[in-house]
Amino acid sequence: MVIKDDPTLMFTNAGMNQWKDIILGTRDPEPRRRADTQKCLRVSGKHNDLEEVGHDTYHHTMFEMLGNWSFGDYFKEGAIDMAWEYLVDVLKLNPEDLYVTVFEGSPEENIPRDDEAAKYWAKHVPEDHIINGNKHDNFWEMGDTGPCGPCSEIHVDSRTPEQRTASGISGRELVNKDDPQVIEIWNLVFMQFNRKADGSLEKLSMNVIDTGMGFERLVRMLQGKHSNYDTDVFQPIIKAEQQLTGLKYVTFEEEQDAPITKEQDDINVAMRVCADHLRAVSFSIADGQLPSNAKAGYVIRRILRRAVRYAYTFLGQKEGFLYKLVPTLVVEMGDAFPELKAQQQLISKVMKEEEDAFLRTLDKGIGMLSDAIDELKSQGGKELNGEKAFRLFDTYGFPLDLTELICRENGLMVNEEQFNVEMQKQKERARNAAAVENSDWTELAQGEQQFVGYDYTEYECHILRYRKVTQKKNEFYELVLDYTPFYGEMGGQVGDAGVICNEAETIEIIDSKRENNQTVHIVKQLPKDPTAQFMACVDTDKRDASAANHTATHLLDYALKQVLGDHVEQKGSFVSPDTLRFDFSHFQKVTDEELRQVERMVNDMIRQNIPLDEHREVPFDEAKKLGAIALFGEKYGDKVRVVRFGPSCEFCGGIHASSTGRIGFFKIVAESSVAAGIRRIEAKTGKECEELLYKTEDLLRVVKSFFNNAKDLQGVIRKYIEEHDTMKKEIETFQAQAVERIARQLVEKAREVNGVKVVRSVLPMEPAAAKDLAFKIRAAVEGSLLCVLGTTYQEKPQLSIMMSDDMVSEHGLNAGQMVREAAKLIQGGGGGQPHYAQAGGKNADGLSAAVDKVIELAKL
Ligand code: ATP
Ligand code: MG
């Protein structure tokens with residue numbers, strides 16, 4: 001469900017995503033007939049059903065799409081016959097309830113009505129069950145460009161007899177009219193065209209059948225229900241929700257007997273939202289996509305937050321709730337999807353942490369909102385500013401409907417128009433930031449690319465096709481070569497860099513990435529003669545360093561499982577020439593001893609110099625039998641590559657060292673947490689470790705030189721620390737004695753003005769001691785006191801005023817005010833209490849004048 005190596009799509013949103021490279025002609029289409037079930041998620045981009053989910057009873061965020069496929073095998077007639085046979089003969093749906101649509105044609109695109117499809121349908125259904133559909137419903141496109149074609153949908157009229165009598169109209173009139181009981185269950189797509197960047201269509205080199213049927217909708221028809229949520233796909237989860245909340249869910253049937261209140265409807269919607277989003281979030285986490293604040297992770301976070309606020313608002317759940325439903329989901333779906341069962345603990349943990357974090361933000365948002373409401377009420381306002389509502393949404397994830405709900409409870413409205421304006425602005429900002437423009441491919445030669453990079457780093461080649469890409473005003477070109485030794489970024493390993501060259505010119509390849517099962521090479525400029533022959537040469541220094549890091553990652557994975565246990569599951573990996581990063585599931589900090597154990601194990605394997613044992617094109621099941629470790633949520637072909645270094649055996653397409661010895665040395669440099677239940681290890685190998693060692697050695701050398709290159713450095717440092725502590729204590733004692741003495745002297749020397757003892761002194765002293773001195777003087781004087789001290793410490797002046805309480809209560813003086821006024825003379829500022837205040841400053845020369853100023857201000 002989570003797409004990892006395609007920059008154009010974050011989540012699988014249709015069954016065909018997984019076959020895109022076959023349809024685009026870059027992967028072998030055999031076998032040409034297939035059938036499958038595919039987890040889909042429609043929450044972003046071209047297909048986004050998120051806002052409907054829960055409010056209606058037949059759109060989900062995550063659903064299973066059942067499909068059958070023909071890649072240049074059967075076409076329209078075969079697809080229509082089989083669909084009919086399956087629904088009517090096998091599943092026994094009532095043919096009278098079925099309606100089909102066909103594309104009505106498009107004069108401006110010069111495409112006629114799909115008479116062909118209509119003709120094949122006429123074999124099975126009466127004419128009045130065949131409906132013309134427009135481009136919106138009956139012409140399917142993968143995206144702005146790419147494969148497309150007319151389609152034919154099958155709709156089911158699932159109304160109850162009462163509903164049919166009451167409405168008096170036929171199902172035909174309700175097809176594609178958003179009626180919740182007349183819904184599409186299956187779409188047969190006949191892909192015949194390729195849409196080019198200029199909008200024009202060309203014929204696809206092979207006809208493709210792509211069908212998609214929603215499993216949850218089909219189950220509903222088979223179980224004679226009228227809501228997807230009343231089927232046994234969702235009922236167990238809804239039952240668990242009822243148990244946890246003590247609230248009731250009213251099914252479609254129950255609702256027919258007695259109409260429900262607005263409050264009950266809110267509860268129904270919220271329970272549907274939670275049941276649906278539980279699936280989407282759990283499956284995403286199981287597929288390796290954790291909630292986060294960017295890209296795909298942010299989409300998942302938003303889904304989870306949507307569920308939390310429905311549960312919070314309508315189900316009274318002020319604490320984490322969704323995670324409590326995970327066990328039920330695992331019981332229901334864990335057999336069919338073992339990745340759920342295997343990662344149940346991780347899913348619950350991540351979900352709970354996300355829920356808790358969002359509930360804390362919600363609390364903060366509610367606080368902000370009540371302040372805003374109070375302010376508005378005090379001004380007699382009736383409408384909350386839409387910008388404010390948007391800010392709540394943007395920073396606290398506080399959705400408009402919740403803001404509105406709380407405002408309504410306070411008799412206020414929200415300016416929705418302003419909110420939408422802000423929302424629109426933000427969307428445009430996001431769109432501009434992400435916009436990538438691709439031109440059409442310019443084809444220079446026919447053919448499929450061969451990757452030769454496992455065996456070669458240099459190879460003769462021609463350019464098959466190229467195109468221009470514009471992103472944020474930057475222009476570059478993408479090249480596809482017939483033979484390439486370049487590894488395109490995939491599976492966490494960065495792409496190769498290098499050159500393609502011939503006698504006439506040298507073109508730098510700045511990066512390589514994978515797209516549709518082939519390597520795409522990024523260049524700043526095109527060769528003068530793109531049809532010439534070139535030598536493709538990989539930068540082997542970088543490649544060897546990456547390869548060593550990748551191999552080290554496998555050894556690390558193995559060692560972690562040995563040391564920490566089998567629950568360690570790879571959750572992310574990044575491998576570049578200078579570092580490696582490995583994320584994995586583990587529920588507490590990895591201790592220093594454990595890290596050391598892992599390092600020792602990996603370095604042992606490096607010294608054993610275990611050769612790479614590589615198996616290409618191994619059938620998937622055989623690879624599993626070899627004991628190779630596959631990743632959850634990773635897409636594997638029928639044939640896989642297995643990489644083994646002694647006991648470490650993994651499914652992997654990456655570039656590896658020819659033997660573990662080439663890694664040289666392995667050192668972990670950091671261990672941290674990236675999310676609930678996920679730890680991250682960063683490590684270095686080979687030359688990078690050598691540099692690390694030099695740095696550490698240099699540091700140690702400098703430190704030793706501080707201590708006259710003492711042999712027993714630890715002992716010497718420890719002794720220094722002890723001495724330091726002792727001296728510090730002694731100094732404190734001396735200081736206290738000195739302060740005592742000075743205080744006595746100053747009090748003795750004090751003048752008396754109108755019955756007030758005035759202590760005045762300017763002297764060098766530390767700030768803490770100055771404070772101590774002021775308090776000692778106050779303690780030593782019985783009657784009225786004005787004590788003004790100007791102290792300097794490291795050339796910084798400080799002014800302190802200390803008075804007896806009667807100076808404040810009877811003379812009306814305020815030390816804080818006085819110190820602020822006098823501090824101007826030392827270019828400083830300060831403050832304090834009425835009887836004691838301090839100010840620091842910059843100009844020590846003004847200190848004496850400042851002291852006099854204070855005495856003057858006292859007007860004794
Ligand atoms: P609708 O008009 O009902 O949204 P659609 O035109 O978006 O459907 P397709 O893109 O043709 O549907 O997808 C094929 C099938 O997948 C549909 O016939 C339906 O059974 C199912 N399907 C599509 N979207 C959803 C969804 N959000 N939740 C559940 N099933 C869905
Ligand atoms: Mg739709």
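The model is predicted; local features need pLDDT of at least 70, side-chain atom pairs count only at pLDDT 80 or more, and totals for chains, interfaces and linings use all residues. Residues are numbered from 1 along each chain as its sequence is written, and side-chain values use heavy atoms, without hydrogens and water.

Student: Why are α24 and α25 called oblique to each other?
Tutor: Helix α24 (residues 815-823) and helix α25 (residues 847-857) pack at about 135°, with axes 9 Å apart. Under 35 degrees is roughly parallel, over 145 roughly antiparallel, 65 to 115 roughly perpendicular, and the rest oblique. Therefore α24 and α25 are oblique.

Student: Which residues of α24 and α25 make the contact?
Tutor: Contact means heavy atoms within 4.5 Å. Met818, Glu821 and Ala822 of α24 and Ala850, Lys853, Val854 and Leu857 of α25 make the contact. By class, there are five nonpolar, no polar and two charged residues.

Student: What makes α9 oblique to α13?
Tutor: Helix α9 (residues 262-286) and helix α13 (residues 344-378) cross at roughly 120°, and their axes come within 10 Å. That angle makes α9 oblique to α13.

Student: Which residues of α9 and α13 meet?
Tutor: Leu278, Val281, Ser282, Ile285 and Ala286 in α9 meet Leu346, Ile347, Val350 and Met351 in α13. This contact has eight nonpolar, one polar and no charged residues.

Student: How do you know that β24 and β25 pair?
Tutor: Two strands pair if DSSP finds at least two bridges between them. Strand β24 (residues 570-575) and strand β25 (residues 580-585) have five bridges, in the antiparallel sense. Serine 573 stands opposite phenylalanine 582 in β25. A hairpin of four residues joins β24 to β25.

Notes:
Chains lettered and ligands numbered in written order. Axes fitted to C-alpha atoms, helices over the stretch in contact; angles between N-to-C directions. Helix = DSSP H or I, 4+ residues; strand = E, 2+ residues; numbered from the N terminus. Nonpolar A, V, L, I, M, F, W, Y, C, P; charged D, E, K, R; others polar.
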